[in-house]
Amino acid sequence: MRTPTGSILECVPPAVKLAALFSISVLLFLTGSLTLLGSAAGTVLVLCLLFCRFAVLQWLKAWPLLLTIAAVALWTAYNDGYQEALVLLLRLGTLSLVATVVTVTTSIGEFIETVTRAAIPLERLGIANARDIGLAIGLVMRFVPDVRQRYLAVVDAHRARGLPLRPTTLIAPMVIGTLKSADDIADAIDARGIRTNSHPQKRAENA
Amino acid sequence: MQVVFNDVSVTYAGRVVLQPFSLRLTERRIGIIGLNGSGKSTFSKMINGLVLPDTGTVTTNGFDARQQAHEVRARVGYVFQHPANQIVLPLIKDDMALGLKRLRLTRQEEERAVSDVAARLGISHLLERRAHELSGGEVQLAALASVLVGAPEIVIMDEPTNQLDLRNRNMVSRTIRSLPEDIIVITHDLELLSGFERVLLFHEGRIVEDGPAEVVIARYQELVG
């Protein structure tokens with residue numbers, strides 16, 4: 001997640017950054033005024049260029065996300081008119097830029113710690129285990145590149161065998177491989193004592 | 001180490017994975033060999049309570065693996081056959097620190113523990129790297145580091161040199177030899193076991209040979225043909 005950016009925002013506590021992200025997203029969706037949304041977008045962009053230029057570069061590199069926003073805006077323009085589309089574009093554009101700033105200036109370790117702390121009230125209410133929530137978020141971030149590598153390996157295997165790429169033949173090895181990894185990860189988490197409430201299981205396999 | 005198996009057996013889905021046996025492990029360097037599916041990994045996973053026996057008890061350094069699983073796991077580190085899957089967080093330093101959370105150390109203490117272990121294994125340069133960017137040997141050492149940072153008394157390594165090129169294999173092999181902790185290695189790499197005090201040979205769910213490395217390896221080669 002974080003590459004050292006040299007930005008002053010790296011020194012801001014992650015909880016403050018996440019709270020700011022939440023507040024900005026609420027504010028952006030409270031107003032439908034183009035003037036206010038345009039001003040907000042402009043201000044965020046200028047602040048990012050001044051204090052975290054790296055985030056702007058990363059935001060521009062996230063073209064699938066920007067393309068999705070553009071597609072949704074086009075659809076909105078077709079259905080509800082240009083004004084609604086512009087509102088949506090400004091909201092999602094600003095929000096994605098602020099989210100990128102938080103992402104590039106916060107390490108995953110800090111992120112997990114913050115989410116875990118934020119989830120402690122849920123644990124007190126008996127709804128969820130705070131460390132499990134933090135760990136789940138860390139695992140999702142950790143295994144995104146792995147799933148991509150697995151996908152590329154399956155694609156290569158198809159090409160090597162001269163098989164056409166079909167969703168049905170791609171999905172099965174991806175799901176099987178991912179489930180096998182999930183089993184190994186669960187074992188590793190237990191073995192490392194990361195989850196304090198895990199219990200031993202009877203689980204022999206092809207060993 | 002003091003690992004005691006008392007009349008232990010394991011079955012899984014109607015298949016006997018390990019026939020009943022009793023055994024005491026006390027040596028500092030123990031190797032486990034045998035064909036695929038002979039029961040090696042199941043045997044080793046019982047030592048830290050990842051697999052529970054159907055009959056009998058396993059005690060590790062005085063703690064019952066069934067009743068005192070947390071105490072056992074705090075004392076036994078396990079490096080899995082596919083070490084990439086055991087690195088839970090993207091950044092190596094974050095992953096190493098994750099295993100320390102249960103100790104409730106300060107951030108400075110955590111950072112010191114992580115950097116000490118990384119320096120000891122010669123992987124300080126990997127701390128800021130991401131798991132998916134590392135070579136096979138580096139992943140193996142990073143997984144070992146994430147285990148060692150918890151200061152285990154026993155380290156179990158499942159096929160630590162599997163799929164490594166010669167350079168990485170030698171690097172991992174040297175590291176294993178230099179570890180002060182008690183070591184149990186499951187391996188098909190018989191050279192890795194030279195100098196080990198004791199080697200167990202598994203075959204079809206039984207320990208068919210138990211003794212010094214040279215004797216057991218010779219018996220294994222004879223068995224395989």
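The UniProt feature "domain: ABC transporter", from an unreviewed entry, is placed at residues 3-223 of chain B; UniProt positions follow the numbering used here, feature names are shortened, and annotations may be inferred rather than shown by experiment. In the model, which is predicted, the end C-alpha atoms of this span lie 27 Å apart, and the span is 33% helix and 28% strand. Residues are numbered from 1 along each chain as its sequence is written, and chains are lettered from A and ligands numbered from 1 in the order in which they are written. Local features require a pLDDT of at least 70 and side-chain atom pairs count only at pLDDT 80 or more, whereas totals for chains, interfaces and linings use all residues.

Chain B has an average pLDDT (the predictor's confidence in each residue, from 0 to 100) of 91, and 100% of its residues score at least 70. For the model, ipTM is 0.71 and pTM is 0.74.

The secondary structure of chain B consists of seven helices and 10 strands, where helices (H or I, at least four residues) and strands (E, at least two) are DSSP runs numbered from the N terminus. Chain B is as compact as a globular protein of its length, because its radius of gyration of 17 Å is close to the 17 Å that the globule rule gives for 225 residues; the radius is taken over C-alpha atoms, and the rule is 2.2 Å times the number of residues to the power 0.38. Along the principal axes, the C-alpha atoms of chain B fill a box of roughly 50 × 40 × 30 Å. Among contacts (C-beta atoms, placed from the backbone, within 7 Å) in chain B between residues at least 6 apart in sequence, 64% join residues at least 24 apart.

The contact between the chains takes 37 residues from chain B and 31 residues from chain A. On the side of chain B that touches chain A, at least two residues each are supplied by strand E1 (3-12), helix H1 (40-47), helix H2 (69-75), helix H3 (92-98) and helix H5 (136-148) of chain B. H2(B) gives the most to this side, with four residues. By class, this side of chain B has 18 nonpolar, 14 polar and five charged residues; Ala, Val, Leu, Ile, Met, Phe, Trp, Tyr, Cys and Pro count as nonpolar, Asp, Glu, Lys and Arg as charged, and the others, Gly among them, as polar.

In chain A, the UniProt annotation "transmembrane region", from an unreviewed entry, covers residues 20-52, 59-78 and 90-112. Residues 59-78 of chain A are 95% helix and 0% strand, with end C-alpha atoms 26 Å apart. For residues 90-112 of chain A, the corresponding values are 87% helix, 0% strand and 29 Å.

Terms used:
Contact = placed C-beta atoms within 7 Å.
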